Amino acid sequence: MKFGVIIFPGSNCDHDAYHVISKHVGQPVDFIWHRDIDLRSYDAVIIPGGFSYGDYLRAGALARFSPVMNSVNEFAAEGKLVLGICNGFQILCEAGLLPGALIRNRDLHFICGHVNVRVETADTPFTHELKEGGVLSMPIAHAEGNYVCDDATLSELRRDNRIVFRYCDANGEVTEAANPNGSRDNIAGICNRERNVMGLMPHPERACEDLLGSSDGREVFRSLAGVLATAA
Amino acid sequence: MSGRSPSLRLGVLTHGAADMKAKVYVTLKPSVLDPQGKAIQHSVELLGYQGIKDIRQGKYFEIAMDGFSDEEKARAEAMRMAREVLSNPIIEDFRVEIES
C-alpha cells in the first residue's frame with residue numbers, strides 16, 4: 001500500500017503526516033506537489049493541515065482550484081481513501097467532497113490546544129479499529145473550525161451515521177462547554193456518503209507519540225492501514 | 001493607449017468594447033451566524049454609537065474587466081466568477097453590479 005501527502009503552498013503539517021505514515025504505520029509514502037496530477041500509484045492520500053494559499057478568500061477556497069484537486073476528485077470517485085486534516089477538511093468542504101463549511105470560530109480566536117473527541121462511528125476505514133463511544137485526545141489549531149451546515153444536511157449526516165467525531169468532555173459527554181469553536185452539533189469530523197473520504201479538524205498526526213501528549217491519533221492511521229492491508 | 005481604445009487582441013475583444021468594472025458583494029446568508037459582525041457590533045456599542053440593531057460583515061471585490069461588447073456579457077462572466085469562486089453558496093449570498 002502506498003500513501004501520498006499533498007502539499008499546497010502554505011501547507012505546514014505535511015511533514016507530520018509523512019512522519020507518522022513512515023514511522024508509525026511503516027508504509028511507503030510520497031509528498032505530492034499540488035501541481036502533480038498523477039495519483040494512480042496511491043491507495044490513500046492525506047490532505048494535511050496548514051494555511052494553503054494563506055487562507056485567502058476563505059480557508060481552503062483557493063487550494064480547491066489547484067491542479068491536483070481534479071485528480072483527488074477522481075481518486076475519491078474510484079473509492080480510494082482521502083483523509084483531510086484541519087485545512088485539509090476545509091479544502092474537502094470547499095471542493096464539495098464533503099458537505100457543509102467551516103467558518104470563523106465562535107469566539108473569533110485562533111485556538112490551539114488538546115481537545116477530546118468521541119468516536120461516533122467505527123463504520124469507516126478511518127475508525128474501524130476504534131471503539132464507538134471511545135474518547136480520543138488530539139490537538140486542534142485553527143481559527144476557522146466552526147462547522148456549519150443546513151438542517152437537511154445535518155439530518156442526512158445523522159441518519160447515515162456520517163458524523164465520525166464530536167467534541168466532548170473527558171468522560172465522553174458531548175456538551176456545549178466541550179465545544180471549542182461553536183461547531184454545529186459539536187461536529188469535529190464527518191465522512192462522505194461512500195465513507196471513503198473523511199475530514200476532521202483535530203490533528204491525529206500530531207497525537208501519535210506520548211512525548212507529544214497523546215498517542216490516540218495512531219489508531220486512525222492504523223485503521224486506514226488495516227483496511228488497505230485487507231483490500232490488498 | 002488608453003484603456004478605452006478598441007483593442008486589437010484576437011478573440012474575445014469586440015470593436016468599441018469599453019472597460020467595465022464589476023463590483024461583487026459577498027454576504028453571509030441570514031441563517032449563518034457572524035461572530036465577526038457580532039464582535040464589531042459589541043465594540044461600536046461600547047463606543048456609544050446609538051441605535052445599532054445588527055452588523056454583518058461581508059466581502060467586496062472590484063474587478064476591472066475589458067473586451068465585453070455589452071454590460072450583460074460582462075455581468076454574466078462576473079456572476080459566474082462570484083458563484084464559482086468568490087462566494088461559497090453553502091454559507092454566502094452575492095450581488096453583482098456592473099459599472100461602465
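The model is predicted; local features need pLDDT of at least 70, side-chain atom pairs count only at pLDDT 80 or more, and totals for chains, interfaces and linings use all residues. Residues are numbered from 1 along each chain as its sequence is written, and chains are lettered from A and ligands numbered from 1 in the order in which they are written.

Helices (H or I, at least four residues) and strands (E, at least two) are DSSP runs, numbered from the N terminus. In chain A, the axes of H1(A) (residues 14-25) and H5(A) (residues 218-231) come within 11 Å and cross at roughly 70°. Axes are lines fitted to C-alpha atoms, for helices over the stretch in contact, with angles from 0 to 180 degrees between N-to-C directions. H1(A) and H5(A) are therefore roughly perpendicular (65 to 115 degrees). H1(A) contributes Val20(A), Ile21(A), His24(A) and Val25(A) to the contact, and H5(A) contributes Arg218(A), Phe221(A) and Ala225(A) (C-beta atoms, placed from the backbone, within 7 Å).

Five of the five residues of S10(A) (residues 187-191) are buried, so this strand is largely enclosed by the rest of the structure. Buried residues have 20 or more other C-beta atoms within 10 Å of their own. S10(A) runs antiparallel to S9(A) (residues 163-168), joined by three bridges. Ile187(A) is the bridge partner of Arg166(A). Three bridges also join S10(A) to S11(A) (residues 197-200), again antiparallel. Here Gly189(A) stands opposite Leu200(A).

Chain B has two helices and three strands. Their order from the N terminus is β-α-β-α-β. Of its 100 residues, 18% are buried.

Technical notes. Parallel < 35°, antiparallel > 145°, perpendicular 65-115°, else oblique. Contact = placed C-beta atoms within 7 Å. Buried ≥ 20, exposed ≤ 12 C-beta atoms within 10 Å, placed from the backbone. Pairing = 2+ DSSP bridges.
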